[in-house]
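Visitor: Please show me the model. Then take me through it by question and answer.

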Amino acid sequence: TRLAFPAPIAGAARLVFVDGHLQATLSDAIALQRCAWLPNDAAAMSFTDPDLRYAALGTVHPGHTLKCALPRGADATIEILQVFSGATGSVYPRLQLQLEASASLTLVERFTGDLADASLLCTALDAHVGPGARLQLHRLHECGPRTRLLDQLQLQLEAGAECRVHQLSVGGTTARQSQVAQLSGRGASLQFHGASVQRAGEYHDSLVRVRLVAPECAIEHRYRALAADRAHVACSADVIVESAARGARVRVVAYELKSRW
């Protein structure tokens with residue numbers, strides 16, 4: 001099967017995966033140097049929230065975890081392109097990010113390709129953003145009409161860390177996205193912008209849970225949904241402000257548009 005690859009993003013080092021397998025010959029050397037391709041094991045990624053239970057599927061399935069670690073003060077822009085040929089019924093892409101103090105990472109994670117047949121796409125991302133580090137995360141799930149999507153995202157932010165997430169999910173017969181974040185250090189801030197586009201009876205459920213445990217933390221969550229032809233979209237957003245999080249700032253906004261297109 002001849003696969004179509006979208007044009008590279010200007011200024012970004014690209015990693016290419018086909019059906020969950022790294023394609024080193026199609027990837028950029030700079031991105032390969034920043035990342036390690038590790039066998040799955042229980043210690044590689046740890047999802048503790050019960051709503052991230054589906055991430056455990058990736059640990060029991062034979063495969064690998066991609067780990068991207070940036071040392072102190074490093075700056076990188078990376079695109080991770082996950083392309084599916086339709087040759088396999090299920091894929092379990094797993095990504096672990098580790099940003100040391102004052103590091104900066106812009107990451108584009110894109111899932112696309114031929115998922116027209118009944119299939120399972122089970123994605124998991126675990127990110128630790130160190131003191132004063134910055135993470136810009138852009139995620140796009142393009143699913144076929146019979147794809148089932150299970151997506152887990154876990155974020156932990158230390159003192160002064162900044163994280164911006166832009167996430168878009170399109171298509172799929174059923175989708176469950178669970179996003180959990182903990183702002184552990186003073187002055188940590190998170191902006192989470194999510195969107196879903198569904199039609200023709202498709203079902204999408206999104207959960208966002210943010211815990212503020214340190215003073216002067218800030219969270220802004222915006223969610224937009226476009227549903228047509230009896231599609232169903234739901235979003236549950238929980239922000240937990242603990243007693244130690246004095247001076248916390250919270251903003252949550254949701255929009256929904258229903259149309260027959």
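Guide: Buried means under 20% relative accessible area, exposed over 50%, and partly exposed in between (1.4 Å probe, protein chains only). This is a predicted model, in which local features need pLDDT of at least 70, side-chain atom pairs count only at pLDDT 80 or more, and totals for chains, interfaces and linings use all residues. Residues are numbered from 1 along each chain as its sequence is written, and side-chain values use heavy atoms, with hydrogens and water left out.

Visitor: Is Gln182 buried, exposed or partly exposed?
Guide: Gln182 belongs to strand 13. Strands (E, at least two residues) and helices (H or I, at least four) are DSSP runs, numbered from the N terminus. The relative accessibility of Gln182 is 31%, so Gln182 counts as partly exposed.

Visitor: How far apart in space are Gln182 and Asp238, C-alpha to C-alpha?
Guide: In sequence, 56 residues separate Gln182 and Asp238. In space, the C-alpha to C-alpha distance is 12 Å.

Visitor: How many of the ten residues of strand 13 are buried?
Guide: Strand 13 spans residues 174–183. It is mostly covered. The buried count is seven.

Visitor: In which sense do strand 11 and strand 13 pair?
Guide: Two strands pair if DSSP finds at least two bridges between them. Strand 11 (residues 147–157) and strand 13 share ten bridges. Leu157 stands opposite Leu183 of strand 13. The sense is parallel.

Visitor: Which residue in strand 15 is the bridge partner of Val180?
Guide: Strand 15 covers residues 203–212. It pairs with strand 13 over ten bridges, in the parallel sense. The partner of Val180 is Arg209.

Visitor: What is the phi of Asp19?
Guide: Most residues other than glycine have a negative phi. Asp19 sits in the loop between strand 1 (13–18) and strand 2 (21–22). Its relative accessible area is 16%, so Asp19 is buried. Asp19 is not a glycine, yet its phi is positive, at about 50 degrees.

Visitor: And what is the phi of Glu216?
Guide: Glu216 is in the loop between strand 15 and strand 16 (218–228). It is partly exposed because its relative accessible area is 43%. Glu216 is not a glycine either, and its phi is positive, at about 60 degrees.

Visitor: How many disulfides does a search of the whole structure find?
Guide: A disulfide is a pair of cysteine sulfur atoms within 2.5 Å. The search covers the whole structure. The count is zero.

Visitor: Which cysteine sulfur is nearest to that of Cys35?
Guide: Cys35 is in no disulfide, and its nearest cysteine sulfur is 3.8 Å away. Cys35 has a relative accessible area of 14%, so it is buried. The nearest sulfur is that of Cys68.

Visitor: Which side chain is joined to that of Ser119 by a polar contact?
Guide: A polar contact is a pair of N or O atoms within 3.5 Å; within protein, one must be able to donate a hydrogen and the other to accept it, and residues adjacent in sequence count only if both atoms are side-chain atoms. Ser119 lies in strand 9 (residues 119–129). It is buried because its relative accessible area is 9%. The contact is 3.4 Å, and the partner is Thr147.
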